[in-house]
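Please read them with the structure open.

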Amino acid sequence: MKIQGKMFMWLSVFLLIMAVVYGVWSKEPAGTTALFLAFGLAIMIGFYLGFTARRVDVGAQDNKEADVADDAGELGFFSPHSWQPLFLGLGGSFAFLSVAIGWWLMYFAAPLILASIWGWVFEYYRGENRTQ
């Protein structure tokens with residue numbers, strides 16, 4: 001994780017320089033704002049990765065002598081049969097569609113989004129999957 005943090009920090013330095021150069025040269029506010037926002041995002045990700053790299057064990061990607069097989073193993077737990085992302089995507093599509101059709105559609109989208117987020121967060125706290 002340490003190398004990814006350094007990469008994002010260097011990316012943030014590059015984006016800051018480009019934002020200043022672009023802002024001075026073009027005097028166009030939309031692109032300059034987008035570049036400054038990209039700088040902010042890159043520095044947040046770089047800081048997070050650098051901060052967590054100090055707290056976790058050294059991974060295979062941080063060892064220059066490591067092989068690809070050294071990083072093999074379990075990466076985490078991923079739910080194989082969750083319906084909640086489908087309903088969250090459906091609610092999100094209704095929410096974005098409400099901008100084009102009418103804001104009244106948001107009354108149907110918001111409860112669907114909130115219920116699917118609630119279900120996704122607490123999916124493994126009750127029912128048949130609570131022991132997983």
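1. Terms for helix packing. Axes are lines fitted to C-alpha atoms, for helices over the stretch in contact, and angles run from 0 to 180 degrees between N-to-C directions. Helices are DSSP runs (H or I, at least four residues), numbered from the N terminus. Angles under 35 degrees count as roughly parallel, over 145 as roughly antiparallel, 65 to 115 as roughly perpendicular and the rest as oblique. A crossing is left-handed if the near helix is turned anticlockwise from the far one by less than a right angle, and right-handed if clockwise.

2. Basis. This is a predicted model, where local features need pLDDT of at least 70, side-chain atom pairs count only at pLDDT 80 or more, and totals for chains, interfaces and linings use all residues. Residues are numbered from 1 along each chain as its sequence is written, and side-chain values use heavy atoms, with hydrogens and water left out.

3. The α3/α4 pair. Helix α3 covers residues 84–100 and helix α4 residues 106–121. They pack at about 155 degrees, with axes 8 Å apart. α3 and α4 are therefore roughly antiparallel. Their crossing is left-handed. In contact terms (heavy atoms within 4.5 Å), the α3 side includes P85, F87, L88, F94 and S98. Among the α4 residues they meet are M106, L112, I113, I117 and W120.

4. The α1/α2 pair. How do the axes of α1 and α2 cross? They come within 8 Å and cross at roughly 160 degrees. That makes α1 roughly antiparallel to α2. α1 passes α2 in a left-handed crossing.

5. Lengths. Helix α1 runs over residues 2–26, which is 25 residues. From first C-alpha to last, α1 reaches 36 Å, close to the 36 Å expected at 1.5 Å a residue. The expected span is 1.5 Å times one less than the number of residues. α2 also has 25 residues. The reach of α2 is 36 Å, again close to the 36 Å expected.

6. Buried residues. Buried means under 20% relative accessible area, exposed over 50%, partly exposed in between (1.4 Å probe, protein chains only). In α1 the buried residues are G5, S12, L15 and A19. These pack against α2 (29–53). In α2 the buried residues are G31, T32, A42, G46, L49, T52 and A53. What covers them includes α1.

7. S12. This residue sits in helix α1. S12 is buried, at a relative accessible area of 1%. Leaving out residues up to four places away in sequence, S12 touches F39, A42 and I43. Where does its side chain reach? It reaches the backbone oxygen of M9, at 2.6 Å.

8. T32. T32 belongs to helix α2. Its relative accessible area is 14%, so T32 is buried. A polar atom of the T32 side chain lies 2.7 Å from the backbone oxygen of E28. T32 touches A19, Y22 and G23, not counting residues up to four places away in sequence.

9. K27 has a positive phi of about 55 degrees although it is not a glycine. Is K27 buried or exposed? At 67% relative accessibility, K27 counts as exposed. E28 caps the N-terminal end of α2: a side-chain oxygen of E28 is 3.4 Å from the backbone nitrogen of A30.

10. L35. L35 is found in helix α2. With a relative accessible area of 22%, L35 is partly exposed. L35 touches L15, M18, A19 and Y22, residues up to four places away in sequence not being counted. L35 and F94 are 59 residues apart in sequence, and their C-alpha atoms are 30 Å apart in space.

11. R54. The loop between α2 and α3 holds R54. R54 is exposed, with a relative accessible area of 63%. R54 and M1 are 53 residues apart in sequence, yet 8.9 Å apart in space, C-alpha to C-alpha.

Methods:
Helix = DSSP H or I, 4+ residues; strand = E, 2+ residues; numbered from the N terminus. Polar contact = N/O pair within 3.5 Å; in protein donor to acceptor, adjacent residues only side chain to side chain.
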